[in-house]
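Please have the viewer open as you read.

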Amino acid sequence: MDSANNNSTTPSPLAKDRHSDMELMKEKFAKLLLGEDMSGGGKGVSSALALSNAITNLAASAFGEQKRLEPMSADTKAKWRKEIDWLLSVTDYIVEFVASKQKAKDGSTMEVMATRQRNDLHMNIPALRKLDAMLLDCLDNFKDQNEFYYTSSKDEDSGKTTRQEEKWWIPTPKVPPNGLSEVTRKWLQYQKDSVNQVLKAAMAINAQVLSEMGIPDNYIEALPKNGRASLGDAIYKIITEDFFDPDCLLSSLDLSTEHKILDLKNKIEASVVIWKRKMNAKDTKSSWGSGVSMEKRELLEDRAETILLILKHRFPGIPQSDLDISKIQFNQDVGHAILESYSRIIESLAFTVLSRIEDVMHADSLARNPPNAEQKKNSVKEQPKEEQPEVLKSNEGTPTSKTLLDFMGWNLDQGDTNNNSMKKDSIDDVGNKPLNKPANVVTNKKISYIERLENLGGLRSPTARH
């Protein structure tokens with residue numbers, strides 16, 4: 001009898017798991033409510049920043065650096081999906097009022113205000129979830145491959161290529177002496193193309209969300225009085241010439257280190273903010289006013305933004321700029337914080353997976369053509385973009401035969417208000433559509449971020465950003 005009573009009071013494994021999940025959920029949401037200030041003194045960060053940090057930290061613990069092309073462990077994948085669902089559940093309660101028709105008992109119809117999930121979240125959260133799932137599925141696809149393997153960096157002290165020396169902490173992929181089989185090579189290229197499209201989509205969403213975030217007052221207060229003071233006389237002189245060539249400008253500058261590239265980006269972004277504020281200033285006698293015409297400011301702003309896109313395209317590894325960091329730190333919109341952080345970590349994971357695929361493809365290239373592969377790789381990096389062979393351009397970046405809107409299955413709903421012009425039609429078919437010619441897209445902007453990026457010719461992926 002006693003043993004029967006003991007068995008009846010022993011909780012089942014399922015009940016233990018539920019209790020453990022409940023305690024973990026309580027801990028996580030307690031930290032969010034306290035703004036990461038565990039003393040409870042009210043000195044914590046905003047809810048938006050707390051959620052952004054929570055998503056970023058969760059991704060760091062789940063994905064790490066993803067040094068190999070291999071599936072995530074079952075436990076890690078389950079933890080990621082469970083906890084990211086908890087954090088994203090906040091968006092279910094971020095709503096907006098919309099007009100809705102309601103039928104009364106007497107058969108009459110009246111118009112009432114109803115609530116629905118905010119439009120930008122309604123469009124982008126399902127899309128980001130799909131991109132997330134596609135990346136995990138891509139890693140799962142490498143489970144049964146047996147044509148390449150990895151060796152640790154300490155196993156090979158000599159004979160390393162330049163590419164391997166740059167990533168000395170990453171295990172080195174090894175392929176058969178004659179390279180990969182044709183079937184595996186094509187399959188690997190297909191995986192790369194798929195990840196490229198995921199990366200492109202995540203970058204576009206992240207850039208759009210950042211553009212919608214307000215510029216903090218402390219960033220504006222720290223700006224120079226005019227764009228010339230921000231850029232410096234030399235850059236300002238080139239950017240204001242009648243004939244402007246952004247490639248000539250960049251070739252005349254010292255961009256040998258990441259710090260110098262980031263410094264240039266910060267200067268140009270600051271000048272764009274200054275010019276936009278002057279164009280929007282109503283009081284021409286204020287300290288923001290000057291004798292420069294509106295048309296010239298618009299021209300300078302357009303040229304500066306072109307340089308920023310080229311920098312992002314040519315130097316994808318640069319960290320977030322001062323403006324982006326300031327926006328994220330002082331943002332108060334919880335919806336924007338979730339979209340920005342979730343798209344950023346997907347972008348980061350997509351680039352990491354893409355880099356690992358390129359490492360294997362590079363090892364295959366060396367195996368098939370040992371004397372020329374490394375020299376060819378270096379010569380491609382050294383050539384100006386416009387002088388590179390067309391085939392090498394398409395291999396180096398994202399295929400441009402398919403736009404973001406085609407890939408995601410989105411079209412534009414002209415009846416929508418707000419800034420979100422992308423709408424999902426059939427996101428379940430996202431990975432199965434053939435590559436098509438880019439469609440003509442009409443937006444309420446003079447030119448979209450993704451269109452300007454594609455006009456540069458291809459896309460290279462950014463490094464992981466946290």
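## Helix H15

How many of the 35 residues of H15 are buried? The count is 30, so H15 is mostly covered, where buried means under 20% relative accessible area, exposed over 50% and partly exposed in between (1.4 Å probe, protein chains only). The model is predicted: local features need pLDDT of at least 70, side-chain atom pairs count only at pLDDT 80 or more, and totals for chains, interfaces and linings use all residues. Residues are numbered from 1 along each chain as its sequence is written, and side-chain values use heavy atoms, with hydrogens and water left out.

Helices (H or I, at least four residues) and strands (E, at least two) are DSSP runs, numbered from the N terminus. The expected span of a helix is 1.5 Å times one less than its number of residues. At the start of H15, the backbone nitrogen of glycine 335 has a side-chain oxygen of aspartate 333 within 2.9 Å.

Glutamate 340 is also found in H15. Its relative accessibility is 0%, so glutamate 340 counts as buried. Beyond residues up to four places away in sequence, glutamate 340 touches Ser52, Asn206, Val209, Leu210, Met213, Gln320 and Ile328; contact here means heavy atoms within 4.5 Å.

## Nonpolar cores

A nonpolar core is a set of buried Ala, Val, Leu, Ile, Met, Phe, Trp, Tyr and Cys residues joined through side-chain atoms within 4.5 Å. The largest one has 55 residues, and Trp80 and Ile346 have the most contacts inside it. Two or more residues come from each of helix H3 (47–63), helix H4 (74–88), helix H5 (119–140), helix H7 (182–212) and H15. With 13 residues, H15 gives the most to this core.

Isoleucine 346 touches Leu128, Leu131, Asp132, Leu135, Val198 and Ala202, leaving out residues up to four places away in sequence. Another core, of 20 residues, lies apart from the largest one, and Tyr236, Val272, Trp275 and Leu308 are among its members.

Methionine 279 lies in helix H12, residues 258–280. With 14% relative accessibility, methionine 279 counts as buried. Its C-alpha atom is separated by 6.4 Å from that of methionine 294, 15 residues apart along the chain. Leaving aside neighbours within four places in sequence, methionine 279 is in contact with Met294, Arg297, Glu298 and Glu301.

Helix H13 covers residues 294–314; its 21 residues should span 30 Å, and its end C-alpha atoms are 30 Å apart, which agrees. Buried residues of H13 include Arg297, Glu301, Arg303, Glu305 and His313.

## Aromatic pairs

Rings of Phe, Tyr and Trp (its six-membered ring) pair if their centres lie within 6.5 Å; planes under 30 degrees apart count as stacked, over 60 as edge-to-face and the rest as tilted. By this rule there are four aromatic pairs. Phenylalanine 142 and phenylalanine 148 have ring centres 6.4 Å apart and planes at 70°, so the pair is edge-to-face. Phenylalanine 142 is buried at 3% relative accessibility, and phenylalanine 148 is buried with a relative accessible area of 3%.

Phenylalanine 142 and tryptophan 187 form an edge-to-face pair, 5.0 Å centre to centre with 65° between the planes. This pair links distant parts of the chain, 45 residues apart: phenylalanine 142 is in the loop between H5 and strand S3 (149–151), and tryptophan 187 is in helix H7. Tryptophan 187 is partly exposed, with a relative accessible area of 28%. Ring pairs link Phe142, Phe148, Tyr150 and Trp187 into a cluster.

Definitions and conventions:
A polar contact is a pair of N or O atoms within 3.5 Å; within protein, one must be able to donate a hydrogen and the other to accept it, and residues adjacent in sequence count only if both atoms are side-chain atoms.
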